[in-house]
Amino acid sequence: MSPLVCETPETDWKASFSREFQQASLQHLEEGFILFFPNLSFHLTGDETEFLSPHIVRKSKNVSYSVSNREIKGTVLTKQAAFRIGNLMHRFAESTRGLLYNLLPRYRGSLKQGRTSFRPVEIAGRLTSWRKDDTRLHVDCFPSTPLRGRRILRAFSNVNPAGCPRHWRVGEPFPDLAERFFPKLKTSFPGMHTLLHLLCLTRAKRSEYDHYMLQLHDYMKQDLDYQKNARQDALEFPAGGTWLLYTDQVSHAATAGQFQLEQTFYLPVSAMERPATSPLRILEKMAGRCLA
Ligand SMILES: [Fe+2]
(Lines give C-alpha, C1' and ligand atoms only; values in the text may rest on other atoms or scores of the structure.)
Protein backbone atom coordinates (compact mmCIF):
# COMPACT_ATOMS: atom_id res chain seq x y z
CA MET A 1 0.00 0.00 0.00
CA SER A 2 1.02 3.56 -0.64
CA PRO A 3 2.28 5.60 2.30
CA LEU A 4 -0.67 7.91 1.60
CA VAL A 5 -3.07 5.33 2.98
CA CYS A 6 -3.57 4.38 6.59
CA GLU A 7 -5.28 1.08 7.17
CA THR A 8 -7.58 0.41 10.09
CA PRO A 9 -9.00 -2.95 11.15
CA GLU A 10 -12.57 -1.79 11.94
CA THR A 11 -15.45 -4.01 10.75
CA ASP A 12 -18.50 -2.38 12.36
CA TRP A 13 -20.30 0.68 10.92
CA LYS A 14 -21.51 1.57 14.42
CA ALA A 15 -18.12 1.16 16.08
CA SER A 16 -17.04 3.57 18.76
CA PHE A 17 -13.46 4.77 18.62
CA SER A 18 -10.92 5.85 21.22
CA ARG A 19 -10.10 9.56 21.48
CA GLU A 20 -6.58 8.82 20.25
CA PHE A 21 -7.90 7.03 17.18
CA GLN A 22 -10.40 9.82 16.48
CA GLN A 23 -7.68 12.44 16.75
CA ALA A 24 -5.27 10.50 14.54
CA SER A 25 -8.01 9.96 11.94
CA LEU A 26 -8.87 13.66 11.90
CA GLN A 27 -5.24 14.66 11.49
CA HIS A 28 -4.60 12.13 8.75
CA LEU A 29 -7.67 13.15 6.76
CA GLU A 30 -6.89 16.86 7.02
CA GLU A 31 -3.30 16.23 5.97
CA GLY A 32 -4.51 14.52 2.79
CA PHE A 33 -4.27 10.83 3.69
CA ILE A 34 -6.85 8.21 2.77
CA LEU A 35 -8.40 6.33 5.69
CA PHE A 36 -8.90 2.75 4.55
CA PHE A 37 -11.07 0.19 6.33
CA PRO A 38 -10.32 -3.05 4.44
CA ASN A 39 -12.83 -5.08 6.44
CA LEU A 40 -15.67 -2.58 6.74
CA SER A 41 -18.13 -4.12 4.26
CA PHE A 42 -21.45 -2.75 3.16
CA HIS A 43 -23.78 -5.72 2.72
CA LEU A 44 -26.55 -6.02 0.18
CA THR A 45 -29.56 -8.14 1.15
CA GLY A 46 -30.39 -11.18 -1.04
CA ASP A 47 -32.80 -9.56 -3.49
CA GLU A 48 -30.74 -6.35 -3.71
CA THR A 49 -28.05 -8.18 -5.67
CA GLU A 50 -30.30 -7.80 -8.74
CA PHE A 51 -29.16 -4.15 -8.79
CA LEU A 52 -25.59 -5.26 -9.51
CA SER A 53 -25.96 -4.62 -13.22
CA PRO A 54 -24.76 -1.80 -15.49
CA HIS A 55 -28.16 -1.92 -17.22
CA ILE A 56 -29.95 -0.17 -14.34
CA VAL A 57 -28.53 3.25 -15.30
CA ARG A 58 -29.25 5.57 -18.18
CA LYS A 59 -26.45 7.44 -19.95
CA SER A 60 -25.28 8.63 -16.56
CA LYS A 61 -22.62 6.55 -14.85
CA ASN A 62 -24.49 6.31 -11.56
CA VAL A 63 -27.77 6.15 -9.69
CA SER A 64 -28.04 9.21 -7.47
CA TYR A 65 -30.04 9.47 -4.23
CA SER A 66 -30.86 12.29 -1.86
CA VAL A 67 -31.20 11.20 1.75
CA SER A 68 -33.06 14.42 2.63
CA ASN A 69 -36.02 13.98 0.26
CA ARG A 70 -35.53 10.36 -0.93
CA GLU A 71 -35.29 11.50 -4.56
CA ILE A 72 -33.66 9.03 -6.99
CA LYS A 73 -32.12 10.01 -10.32
CA GLY A 74 -30.36 8.25 -13.16
CA THR A 75 -31.97 4.81 -13.16
CA VAL A 76 -34.21 2.98 -15.66
CA LEU A 77 -35.63 0.72 -12.92
CA THR A 78 -39.41 0.51 -12.42
CA LYS A 79 -40.91 2.70 -9.71
CA GLN A 80 -41.09 -0.25 -7.31
CA ALA A 81 -37.51 -1.37 -7.95
CA ALA A 82 -36.30 2.24 -7.73
CA PHE A 83 -37.92 2.47 -4.31
CA ARG A 84 -36.00 -0.66 -3.23
CA ILE A 85 -32.65 0.59 -4.48
CA GLY A 86 -33.48 3.84 -2.69
CA ASN A 87 -33.75 1.83 0.54
CA LEU A 88 -30.33 0.31 -0.12
CA MET A 89 -28.80 3.72 -0.73
CA HIS A 90 -30.56 5.17 2.30
CA ARG A 91 -28.90 2.47 4.44
CA PHE A 92 -25.53 3.39 2.99
CA ALA A 93 -26.18 7.10 3.64
CA GLU A 94 -27.06 6.37 7.26
CA SER A 95 -24.16 3.95 7.75
CA THR A 96 -21.58 6.41 6.47
CA ARG A 97 -23.05 9.27 8.48
CA GLY A 98 -22.93 7.13 11.64
CA LEU A 99 -19.33 6.18 10.92
CA LEU A 100 -18.26 9.79 10.42
CA TYR A 101 -20.10 10.99 13.52
CA ASN A 102 -18.33 8.37 15.65
CA LEU A 103 -14.96 8.72 13.98
CA LEU A 104 -14.85 12.52 13.67
CA PRO A 105 -16.93 13.98 16.53
CA ARG A 106 -15.38 17.42 15.92
CA TYR A 107 -17.25 17.61 12.60
CA ARG A 108 -20.56 16.35 13.97
CA GLY A 109 -22.48 19.63 14.07
CA SER A 110 -20.99 20.95 10.83
CA LEU A 111 -21.15 18.10 8.30
CA LYS A 112 -23.81 18.46 5.64
CA GLN A 113 -24.75 15.26 3.87
CA GLY A 114 -24.82 15.49 0.06
CA ARG A 115 -26.00 12.95 -2.48
CA THR A 116 -25.38 9.23 -2.33
CA SER A 117 -24.39 7.46 -5.54
CA PHE A 118 -24.19 3.90 -6.80
CA ARG A 119 -21.82 3.29 -9.70
CA PRO A 120 -22.59 -0.01 -11.46
CA VAL A 121 -20.62 0.64 -14.67
CA GLU A 122 -17.05 -0.58 -15.25
CA ILE A 123 -14.79 2.47 -15.32
CA ALA A 124 -12.04 1.04 -17.53
CA GLY A 125 -12.70 1.67 -21.21
CA ARG A 126 -15.72 3.90 -20.61
CA LEU A 127 -15.98 6.54 -23.36
CA THR A 128 -16.30 10.08 -22.09
CA SER A 129 -14.96 13.60 -22.63
CA TRP A 130 -11.55 14.46 -21.16
CA ARG A 131 -13.21 16.76 -18.64
CA LYS A 132 -15.45 13.99 -17.28
CA ASP A 133 -12.77 11.32 -17.53
CA ASP A 134 -12.16 10.28 -13.93
CA THR A 135 -9.45 7.83 -14.97
CA ARG A 136 -7.25 10.95 -15.15
CA LEU A 137 -5.73 12.45 -12.00
CA HIS A 138 -7.83 15.31 -10.66
CA VAL A 139 -9.21 16.99 -7.56
CA ASP A 140 -12.99 17.22 -7.18
CA CYS A 141 -15.01 20.37 -7.72
CA PHE A 142 -18.44 20.88 -9.27
CA PRO A 143 -19.13 23.17 -12.26
CA SER A 144 -22.82 23.72 -11.45
CA THR A 145 -22.76 23.40 -7.64
CA PRO A 146 -20.39 26.00 -6.22
CA LEU A 147 -18.55 24.98 -3.06
CA ARG A 148 -17.61 28.50 -1.99
CA GLY A 149 -14.73 27.04 0.00
CA ARG A 150 -16.55 24.10 1.59
CA ARG A 151 -14.68 20.80 1.78
CA ILE A 152 -15.73 17.61 -0.05
CA LEU A 153 -15.35 14.60 2.24
CA ARG A 154 -16.33 11.31 0.58
CA ALA A 155 -16.87 7.74 1.72
CA PHE A 156 -16.56 4.88 -0.79
CA SER A 157 -17.42 1.18 -0.50
CA ASN A 158 -16.48 -1.44 -3.06
CA VAL A 159 -19.44 -3.85 -3.29
CA ASN A 160 -18.19 -5.87 -6.26
CA PRO A 161 -19.78 -9.34 -5.96
CA ALA A 162 -16.96 -11.09 -7.86
CA GLY A 163 -14.35 -9.74 -5.47
CA CYS A 164 -12.75 -7.42 -8.04
CA PRO A 165 -10.80 -4.51 -6.56
CA ARG A 166 -11.26 -0.85 -7.38
CA HIS A 167 -8.07 0.53 -8.93
CA TRP A 168 -7.00 4.08 -8.19
CA ARG A 169 -4.00 6.26 -8.75
CA VAL A 170 -3.17 8.90 -6.15
CA GLY A 171 -1.03 11.89 -7.07
CA GLU A 172 1.16 14.50 -5.41
CA PRO A 173 0.11 16.41 -2.24
CA PHE A 174 -2.17 19.41 -2.76
CA PRO A 175 0.44 22.07 -1.87
CA ASP A 176 2.75 20.72 -4.61
CA LEU A 177 -0.12 20.50 -7.06
CA ALA A 178 -1.22 24.05 -6.31
CA GLU A 179 2.31 25.37 -6.69
CA ARG A 180 2.72 23.61 -10.03
CA PHE A 181 -0.48 24.90 -11.62
CA PHE A 182 -1.04 28.20 -9.83
CA PRO A 183 0.87 30.34 -12.38
CA LYS A 184 -1.65 29.20 -15.03
CA LEU A 185 -4.77 30.05 -13.01
CA LYS A 186 -6.57 33.20 -14.14
CA THR A 187 -8.91 35.41 -12.15
CA SER A 188 -12.50 35.62 -13.41
CA PHE A 189 -13.71 38.55 -15.50
CA PRO A 190 -15.95 41.07 -13.68
CA GLY A 191 -19.56 39.87 -13.38
CA MET A 192 -18.75 36.34 -14.61
CA HIS A 193 -20.08 34.49 -11.55
CA THR A 194 -23.28 36.59 -11.48
CA LEU A 195 -23.85 36.00 -15.19
CA LEU A 196 -23.42 32.22 -14.90
CA HIS A 197 -25.92 32.19 -12.06
CA LEU A 198 -28.43 34.38 -13.93
CA LEU A 199 -28.17 32.02 -16.92
CA CYS A 200 -28.97 29.13 -14.52
CA LEU A 201 -25.63 27.48 -15.34
CA THR A 202 -24.77 27.35 -11.62
CA ARG A 203 -27.10 26.57 -8.70
CA ALA A 204 -25.61 29.40 -6.64
CA LYS A 205 -23.12 32.15 -7.38
CA ARG A 206 -19.62 30.74 -7.80
CA SER A 207 -16.82 32.09 -5.66
CA GLU A 208 -13.35 32.83 -6.93
CA TYR A 209 -12.31 29.64 -5.11
CA ASP A 210 -14.61 27.59 -7.37
CA HIS A 211 -13.19 29.40 -10.39
CA TYR A 212 -9.64 28.45 -9.36
CA MET A 213 -10.49 24.85 -8.47
CA LEU A 214 -12.32 24.25 -11.76
CA GLN A 215 -9.28 25.50 -13.68
CA LEU A 216 -7.00 23.31 -11.57
CA HIS A 217 -9.21 20.29 -12.31
CA ASP A 218 -9.13 21.02 -16.04
CA TYR A 219 -5.41 21.77 -16.28
CA MET A 220 -4.63 18.49 -14.52
CA LYS A 221 -6.87 16.40 -16.77
CA GLN A 222 -5.82 18.15 -19.99
CA ASP A 223 -2.12 17.68 -19.39
CA LEU A 224 -1.29 14.19 -20.68
CA ASP A 225 2.37 14.60 -19.84
CA TYR A 226 1.39 15.39 -16.24
CA GLN A 227 -0.97 12.41 -16.16
CA LYS A 228 1.82 10.12 -17.25
CA ASN A 229 4.81 11.53 -15.44
CA ALA A 230 3.53 13.18 -12.27
CA ARG A 231 4.44 11.52 -8.99
CA GLN A 232 1.75 8.93 -8.31
CA ASP A 233 0.97 5.64 -6.60
CA ALA A 234 -1.28 2.85 -7.81
CA LEU A 235 -3.75 1.61 -5.19
CA GLU A 236 -6.20 -1.26 -5.02
CA PHE A 237 -9.26 -1.14 -2.81
CA PRO A 238 -10.51 -4.71 -2.46
CA ALA A 239 -14.16 -5.71 -2.57
CA GLY A 240 -15.64 -5.45 0.90
CA GLY A 241 -13.51 -2.41 1.76
CA THR A 242 -14.44 1.17 2.61
CA TRP A 243 -12.31 4.30 2.38
CA LEU A 244 -12.61 7.98 3.30
CA LEU A 245 -10.81 11.03 1.97
CA TYR A 246 -11.08 14.68 1.08
CA THR A 247 -11.46 14.40 -2.68
CA ASP A 248 -11.02 18.16 -3.16
CA GLN A 249 -7.51 17.79 -1.72
CA VAL A 250 -6.25 14.34 -2.69
CA SER A 251 -5.27 14.08 -6.35
CA HIS A 252 -6.98 10.87 -7.48
CA ALA A 253 -7.97 8.84 -10.53
CA ALA A 254 -10.24 5.78 -10.59
CA THR A 255 -8.85 3.61 -13.37
CA ALA A 256 -10.81 0.35 -13.12
CA GLY A 257 -13.56 -1.26 -11.10
CA GLN A 258 -17.29 -1.82 -11.06
CA PHE A 259 -20.00 -1.58 -8.38
CA GLN A 260 -19.21 1.10 -5.88
CA LEU A 261 -21.26 3.10 -3.42
CA GLU A 262 -20.23 6.67 -2.61
CA GLN A 263 -21.46 9.22 -0.10
CA THR A 264 -20.57 12.93 -0.26
CA PHE A 265 -20.37 15.22 2.77
CA TYR A 266 -19.64 18.94 2.85
CA LEU A 267 -17.81 20.72 5.63
CA PRO A 268 -17.08 24.42 6.17
CA VAL A 269 -13.35 25.13 6.44
CA SER A 270 -14.03 26.82 9.79
CA ALA A 271 -14.99 23.42 11.27
CA MET A 272 -11.58 21.91 10.52
CA GLU A 273 -8.91 21.47 13.15
CA ARG A 274 -6.24 22.71 10.76
CA PRO A 275 -7.89 24.97 8.16
CA ALA A 276 -4.44 25.86 6.78
CA THR A 277 -4.32 22.42 5.10
CA SER A 278 -7.52 23.11 3.09
CA PRO A 279 -7.34 23.88 -0.64
CA LEU A 280 -9.11 27.18 0.08
CA ARG A 281 -6.46 28.43 2.51
CA ILE A 282 -3.57 27.14 0.39
CA LEU A 283 -4.87 28.90 -2.73
CA GLU A 284 -5.67 32.05 -0.76
CA LYS A 285 -2.14 32.17 0.55
CA MET A 286 -0.78 31.92 -2.98
CA ALA A 287 -3.26 34.46 -4.37
CA GLY A 288 -2.69 36.85 -1.47
CA ARG A 289 -6.40 37.49 -1.12
CA CYS A 290 -9.67 36.04 0.07
CA LEU A 291 -11.26 33.66 -2.47
CA ALA A 292 -14.57 32.72 -0.81
FE1 LIG B 1 -13.06 12.47 -8.33
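Reader: Why is Cys 200 called exposed?

Author: Its relative accessible area is 67%. Exposed means over 50%, buried under 20%, and partly exposed in between, with a 1.4 Å probe and protein chains only. So Cys 200 counts as exposed. This is a predicted model: local features need pLDDT of at least 70, side-chain atom pairs count only at pLDDT 80 or more, and totals for chains, interfaces and linings use all residues. Residues are numbered from 1 along each chain as its sequence is written, and side-chain values use heavy atoms, with hydrogens and water left out.

Reader: What makes Cys 290 exposed or buried?

Author: Cys 290 has a relative accessible area of 56%, so it is exposed.

Reader: How many disulfides does a search of the whole structure find?

Author: The search finds 0.

Reader: What makes Asn 87 partly exposed?

Author: Its relative accessibility is 30%, so Asn 87 counts as partly exposed.

Reader: Where does Asn 87 lie?

Author: Asn 87 is in helix α2, residues 79-103. Helices are DSSP runs of H or I, at least four residues, numbered from the N terminus. The C-alpha atom of Asn 87 is 9.8 Å from that of Val 67, 20 residues apart along the chain.

Conventions. Helices (H or I, at least four residues) and strands (E, at least two) are DSSP runs, numbered from the N terminus. A disulfide is a pair of cysteine sulfur atoms within 2.5 Å.
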